[in-house]
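I opened my notebook to look up how one chain is put together. The entries below follow the order in which I looked.

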Amino acid sequence: MKATFYGHASFELETGGKKLLFDPFISPNPLAKNIDVNSLKPDYILLSHGHGDHMADLETIQKNSNAKVICIAEIAGWLGAKGIENTHGMNIGGGFDFDFGRVKMVYALHSSSMPDGAYGGTPAGFVLYIGDKKIYYAGDTALTLDMKLLADENLDWAILPIGDNYTMGADDAVKAAAFINCKNIIGMHYDTFPVIKIDQAAVKQKFEKAGLNLKLLAVGESLSL
């Protein structure tokens, strides 16, 4: 399985011939200026919530690829009204078996609204069960005790926000890693805006001190999971 970082909270997982794209906010992000959005042809787009910095490129990429959008039910309805009908609406705690593996939608503590101000349902994270791998994509979230419900999942990797201000910062992400019982962490939702700029060396030191394997990928960089 290969993970590629497209900046902010956008990742692509490639596994078994399928491509899964998370939270496509790419073209408005100066840090991702070298990524050609029109070249992205995922089979699925997983959307954690409706904020513009997570779905700015969703319509373009979906129309180019006809990817199925996996999201909270309210966003599926909103997309349907805009003519995007290849969606799979879910809700917190529910799971579904797709052709690449199983997805479970889990709680994220954040806010959510659509770019036009419409109600965006509840923010979410995802746990993916793909082959022998278990991956947690937290979405935008604060530290929450609900994360302890994942402790017995034996997660292989967790993708956690670390930028602070809008989500949990590095200190709480270290606690989150303990709550979910996962040593392998990929950071997201940092450096894109001035208020979430981090000192990468200091953050890496905090994770290392806690005995955690933190990966901070450059935009466009891939990692084998």
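**Entry 1**

I began with Lys2, which stands opposite Ser224 in strand 14. Strand 1 (residues 2-5) and strand 14 are antiparallel partners joined by three bridges. I noted that strands (E, at least two residues) and helices (H or I, at least four residues) are DSSP runs numbered from the N terminus, and that two strands pair if DSSP finds at least two bridges between them.

Before going on I wrote down that this is a predicted model, in which local features need pLDDT of at least 70 and side-chain atom pairs count only at pLDDT 80 or more, while totals for chains, interfaces and linings use all residues. Residues are numbered from 1 along each chain as its sequence is written, and side-chain values use heavy atoms, with hydrogens and water left out.

I then followed the sheet across: seven strands form an open sheet in the order 6-5-4-3-2-1-14, with mixed pairing. Its edge strands are strand 6 (87-90) and strand 14 (222-224), each of which pairs on one side only. On average, neighbouring strands of this sheet are turned by 20° against each other, direction ignored; the axes are lines fitted to C-alpha atoms, for helices over the stretch in contact, and angles run from 0 to 180 degrees between N-to-C directions.

Helix 2 (residues 58-65) packs on the sheet and touches strand 3 (18-22), strand 4 and strand 5 (68-72), its direction making about 160° with that of strand 4. Here I recorded that contact means heavy atoms within 4.5 Å. Helix 3 (residues 73-81) lies across strand 5 and strand 6, and runs at about 135° to strand 5.

**Entry 2**

Next I looked up strand 9 (residues 124-130), of which six of the seven residues are buried, where buried means under 20% relative accessible area, exposed over 50%, and partly exposed in between (1.4 Å probe, protein chains only). Strand 8 (residues 101-107) runs antiparallel to strand 9 and is joined to it by six bridges, with Tyr107 opposite Ala124.

Strand 9 also pairs with strand 10 (residues 133-137), in the antiparallel sense over five bridges, and in that pairing Val127 stands opposite Tyr136. The two strands form a hairpin with two residues between them, and Gly131 in the turn has a positive phi of about 60°.

From strand 10 I moved to strand 11 (residues 157-161), which pairs with strand 10 in the parallel sense over three bridges; Tyr137 stands opposite Ile159 there. Which residues of strand 11 are buried on each side? I found Trp157, Ile159 and Pro161 buried on one side, and Ala158 and Leu160 buried on the other, so that both faces are covered.

Strand 11 goes on to pair with strand 12 (residues 184-188), in the parallel sense over four bridges, and Ala158 stands opposite Ile185.

**Entry 3: His49**

Is His49 buried or exposed? I found that His49 counts as buried because its relative accessibility is 1%. His49 is placed in the loop between strand 4 (44-46) and helix 1 (52-55).

Its side chain makes a polar contact of 2.8 Å with the side chain of Ser48, and another of 3.3 Å with the side chain of His51. A polar contact is a pair of N or O atoms within 3.5 Å; within protein, one must be able to donate a hydrogen and the other to accept it, and residues adjacent in sequence count only if both atoms are side-chain atoms. Leaving aside neighbours within four places in sequence, His49 is in contact with His54, Ile75, His110, Ser111, Ser112, Pro123 and Asp140.

**Entry 4: helix 5 and the whole chain**

At the start of helix 5 (residues 200-209), I saw that a side-chain oxygen of Asp199 reaches to within 3.2 Å of the backbone nitrogen of Ala201. After helix 5 comes Gly211, whose phi is positive, near 75°.

Finally I looked at the chain as a whole, where the secondary structure comes to five helices and 14 strands. Buried residues make up 52% of its 225 residues, and the C-alpha trace spans about 50 × 35 × 35 Å along its principal axes.
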